[in-house]
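Hi,

Here is the structure I said I would pass on. Have a look at it first, and then read my notes below.

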2 protein chains.
Amino acid sequence: MTAPIELTGNLIIAGNEVKGTQKPVSAVNPATNQSMEPLYAGGTETHVEQAANAAWAVFDQFKATDPETRALLLETIADEILALGDVLVKRAMQETGLPQARIEGERGRTMGQLRMFASVARAGKYLDVRVDPAMPERAPLPRADLRLQFVPVGPVAVFGASNFPLAFSVAGGDTASALAAGCPVIVKAHSAHPGTSELVGKAITSALSKMKLPAGIFSLLYGSGRDVGATLVAHPHIKAVGFTGSRAGGTALMNIAAARKEPIPVYAEMSSINPVFMMPNKLASEARSLAQGFIGSLTMGAGQFCTNPGLVILKDGEGAEAFIDEAAQAIFASGTQTMLTPGIYGAYCQSVQLLVDNPNAQLVAKGKMSDAETNQCQAHLFSTTAEAFLKDDSLEGEVFGSTSLIIKCGSEEEFKLVAEKLEGQLTATLQLEEADYEEARALLPILERKAGRILCNAYPTGVEVSHAMVHGGPFPATSDTRTTSVGSAAIQRFVRPVCYQDLPEALQAPAIKDANPWKVPQLVDGK
Amino acid sequence: MTAPIELTGNLIIAGNEVKGTQKPVSAVNPATNQSMEPLYAGGTETHVEQAANAAWAVFDQFKATDPETRALLLETIADEILALGDVLVKRAMQETGLPQARIEGERGRTMGQLRMFASVARAGKYLDVRVDPAMPERAPLPRADLRLQFVPVGPVAVFGASNFPLAFSVAGGDTASALAAGCPVIVKAHSAHPGTSELVGKAITSALSKMKLPAGIFSLLYGSGRDVGATLVAHPHIKAVGFTGSRAGGTALMNIAAARKEPIPVYAEMSSINPVFMMPNKLASEARSLAQGFIGSLTMGAGQFCTNPGLVILKDGEGAEAFIDEAAQAIFASGTQTMLTPGIYGAYCQSVQLLVDNPNAQLVAKGKMSDAETNQCQAHLFSTTAEAFLKDDSLEGEVFGSTSLIIKCGSEEEFKLVAEKLEGQLTATLQLEEADYEEARALLPILERKAGRILCNAYPTGVEVSHAMVHGGPFPATSDTRTTSVGSAAIQRFVRPVCYQDLPEALQAPAIKDANPWKVPQLVDGK
C-alpha cells in the first residue's frame, strides 16, 4: 500500500513541481462532459527552456550509464506505475471514458513495454557493435582499428496520444525506448488526460529518485501543442521527437523540425485506414463469419485505434452480398460507446456527415443511438464502388471512430487499382484461403509498398509488442517509414552510429572493448 | 580488350540513349580551362518522368530478385568499369585535374565498394529478419506468427559528387548500396565530369543487359540541379535521395523532399571542417612531426575532401609555437595543385579572401603560387584565438580546399568551449598520448555528440570502406545523423521494415521462411 497521490496540476521540471502560468485546461469526463479537478495551467517558453536545459545538462551522464542501470530504471518505473494502484485506473477511466478492463489491460501492456525495453537495453543488440581490427601489414595501406557503436541521439520530446492514455503516453513506448537508449525525455502531456499524465509523471520521477539518477532525465509539461509543443520541437537541445496523433498535428511537427537550424528526426505515427482485402474464395466460403469479425474489430473501443479497419475491399460475386448483409445487421445491433473527448466526438460526427453527404458513398447501416451519456460513438458502415473510390480522394480520409467503407470492385484489376491508389498504411489485411493464393501473390508486392504490417485472416486491431512487430509504414501512416513505434526495433529511432578509429583501449566505451564487459553482440570483421 | 566507347553526350533512360534538349554543358579541363567534346544537353521534366516511370515499372521485379542476382549485378558492374580501361582513367583525369594514381586508386576503391555491397547482399544481415513464432495457447490472448524483414524503399535518386568522380558518383557508394538493397537508381550526373559519368553509366547499362535484368533499374540524367535535380527529388516515384556535395545543395534537396506530398528521406553528406584537437602532452613531445602530418593531410588532393582537417585546436604552451612554426614552413614549401573545377577554385579563393579580410583571423603562412596551369589551389594556414572563434560564426564555415585554421586556447576550459561550439562533423580527431587520457576523457562525450567518427593519432583524410566505418554525423555534416554513406551499414538507408502476420508459408518471401533458403541470419523470439 502506498499513500494516495494528490493531483496538483503542476508541471514537473526535472523533479521540481512548478505551477504553469498559461491558460489552464481541466480534464473532462467524456461520459458526462463534466470537468474534473485540478486545473492544469499551461507552461511557457521559459518552462520549455528549463526542461530542455535540465535534460541537456544530464545527457552525457545518462548516456554513460550501463545497460543494467537503464534496465532497472525502466523496471522501477513499471513498479511505480503499478504502485499507483486504483487511483491511476480510476482517473484514466474518468478522463477517457474507457472501461476498467481496457485501462487495466493497457496498464499491463505499458509495464510489459517498459520491461521489454529493459531487456532490449540489457541485450545490447541495438548497439550494433562492429569491430574491424587493425591490419598494420595490409598493402598498399594499413587498416586502422575501427569500432562502431550506436549512441543515444540526445534529449527526446514525446507527445502523449489521446487514445492510449498509458501505453502511448507519458510512460508509453516512445518514452520507454528513448530512456532505454539513454536519452532524457520531455513529455508534452495530452490535454485529454492530464491527471493520468501527472500520476505517471510522478511515478517516473519517483523511479529516478529511487535509482539515484538525475531528475533532469524526465520532465512533464502541459499546455497547447501550438505553444509548448512547437517550442519544444524547435528547441536546439531536443534531438528527436516521438508523436502519436493526427495527420495535421504530426505534419506540423515535421515542418517545425525540418525548419530548425539543425533539422531533427520526427517519428510521428499519424493516419491509417487499414484496408482489408476480402479475397474471393475466402469470401465465398465464410462471408458471414468474416463480417462478424470485421464489425467486432471495427466497433472495439469505439474504433479509436490507429489500426481500425476503415476500408474493406471486396469483389462483386459469391459471398459479397451475404458479407454486406451480415455486417449491416451487426452494425445495426451495435450499441454506442463513449468517445475519448468531446473534440474527438465532434470530429467523428463531422467525418460521418461528410460521407452521408457524399453522393459517392451509400450508407449501408448505422448502430443504435443512446442519449444516456454524452459523446457516444454511433457506428456507421458505408459502401462505394471502385470507380468512385479511384476518383474521389475524400473517400480515403481517416475517420477516427467506428466507421468503415466497403469498396465494391468489378474485377481483379480493380482490386489492384484500389490497392495502388492507397496512401501509406500501418496495416493491410488479406482474408484468404489457399485458392486465393495466386491472386494474393499479385497483390502482395503492392501492399508491401504501402504498409508496415501485412496480416492474414485476422483484423488489424491489436498490436503485439515483440521483436518482429512493425507499427509503422509509409507516409502518412508515419513520418518515417524506416522505423516502428511498437516492438523492440523502436529503440533504433533514438540512436545514431559513431565510429572510433584507433581509440586507446583505456578510453573505449565498454560495449566496443575487446574484453566486452557488457557481453553485447560484436560483429568482428563482418562476422 | 574491349572496343573503345565513343562518348555521345546522350542521356541514358532505361537503357535508351536520348539526346537532351536543355542548355548543354561540356566538361572543362581545370588544368587548362579548355572545354572537351561532346556537349551534354540537359534533360527536361519529361526525361525525369520517363526515367522515374521506368524505374517504378521494374521496382517490384527488382525487389523480388534474390541476393545472388543483385550481388552478381554489382560484381558485373565492377568488371565492366574495369573493362573501360584507360579510356575511363584518362577522361576522369582530364575532367577533374586529378593525377593518374589517384584516379586508378579511386577506381579500385569503387570496385571494392561494389564487391563489398555484393557480399552485404549475399550475407543478408541487413534484412534484420526477425521471427516471433505463434503462441496459440498463450493467455489471455494467443500470439500470431510474426515475421519481419527489411524491404527496399523504392527508386532512389543519386547525385554524383564533384570530388570523387568514381567512388561517390555514378557507380559510387550510394548507387552500390541502393542496388544491393534492390532499389532502382536514377543518377543526376555532376556537370563537372559528364564524360566519366557517361562511361560509367554505360558500364552499368551493359551489366544490366548481361545479367538480363530490366534496363529501367538504371538511368543517367544530365542537367542543372535546379531543374533536373529538383524535379527528380520531387517526383512521387522517387522514395529516397543520396547526395554528396555542398551544404547549400544538400539543404535545398532536403527542403524539396520535406515539402513533397509524401516526404522522403534525403541522405546528404554536406559540410564538415573536421576539428583536430592537439592534446598538450602529445603536442609537447611531437610538435614538429604532428605539424608535418597535419600539412600532409591538409594539402593532399588540394584539400578537396569532406574529411579535410580544416580546424586545429591547441593550447598555448609547450610545443604550440614549434607546431605552428613547422606547419608554416610546410605550407610555405607546398606547391599548388589543380582544383576540380573553375567554380570550386573561384569559391576557394573567395573563402580564403574572407579569412584574409577577417580581423579575427591571422594569416600564418601560404603556399607557393604557380602560373603554369589554371585553377591552382594555393594552401593557406590561418590562426585565431578561442575567444574570437567563440564569437565569430564565420570562422566555422567550410573552406573547400587546402586551408585550415588554428585555434589557440588559453585553458582546458576553452578547449571544451570550442568543442561545444562546433556544429556537426564527419570526424573529430584527438592527437594524444597516455598523459593526455584524463583530459581526453572529458572531451570525448562532447565530440561524440558532434561527430560520426572519432579518430586518434591520425588525420581524418582517408575513409576505410568496412563494416565499422561511419561516414556521417550530425547536421550539417549530413542531413541524417542515423546513417553512414560509407561502409556496409550504408545499405540500411535504402530499406524499411515490414512485418508479416500469419502470412501463409506459400506466400512468404524466402528470407522469412523457416526453411531459410537464402541462409540469412534470423532472430527467432529475440535470440
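Let's start with a pair of charged side chains: B:Asp60 and A:Arg449 meet in a salt bridge, with N and O 2.9 Å apart. Keep in mind that this is a predicted model. In general, side chains of opposite charge can pair when their charged atoms come close. Now look for B:Arg449, which forms a salt bridge with A:Asp60, and there the closest N and O atoms are 2.9 Å apart. This pair runs between chains, from helix α14 (residues 437-450) of chain B, where B:Arg449 sits, to helix α1 (residues 45-63) of chain A, which holds A:Asp60.

How many salt bridges are found across the interface of chain B and chain A? The rule gives 10, and over all chains the count comes to 60.

While you're looking at that interface, the size of one is often given as the accessible area lost when the parts come together. Here chain B and chain A bury about 6100 Å² between them, and 56% of that is on carbon and sulfur atoms. As for residues, 70 of chain B are in contact with 70 of chain A.

Next, go to the sheet in chain A. Seven strands make up an open sheet with mixed pairing, and their order is β2-β1-β11-β10-β9-β12-β13. Why do β2 (16-18) and β13 (266-269) of chain A each have one side without a neighbour in the sheet? They stand at the edges and each has a single partner strand, so nothing in the sheet flanks that side. On average, neighbouring strands of this sheet are turned by 20° against each other, ignoring direction.

Zoom in on β9 (residues 156-159) and β10 (residues 185-188) of chain A: these strands run parallel and are joined by four bridges. For A:Val156, the bridge partner in β10(A) is A:Val185. Helix α5 (residues 173-181) of chain A packs on the sheet, where it touches β9, β10 and β12 (240-244) of chain A. The direction of α5 makes about 170° with that of β10(A).

Last stop, two helices of chain B. Helix α7 (residues 225-234) and helix α8 (residues 247-259) pack at an angle of about 35°, and their axes are 9 Å apart. Their crossing is right-handed. On the α7(B) side you'll find B:Ala230, B:Val233 and B:Ala234, which meet B:Leu253, B:Ile256 and B:Ala257 in α8(B). What kinds of residues make this contact, nonpolar, polar or charged? Six are nonpolar, with no polar and no charged ones.

Cheers

Notes. Residues numbered from 1 in each chain as written. Chains lettered and ligands numbered in written order. Predicted model: local features only at pLDDT ≥ 70, side-chain atom pairs only at ≥ 80, totals over all residues. Heavy atoms only, no water. Axes fitted to C-alpha atoms, helices over the stretch in contact; angles between N-to-C directions. Left-handed = near helix turned anticlockwise from the far one by under 90°. Contact = heavy atoms within 4.5 Å. Nonpolar A, V, L, I, M, F, W, Y, C, P; charged D, E, K, R; others polar. Pairing = 2+ DSSP bridges. Buried area = accessible area lost by both parts, 1.4 Å probe. Salt bridge = Lys/Arg side-chain N within 4 Å of Asp/Glu carboxyl O.
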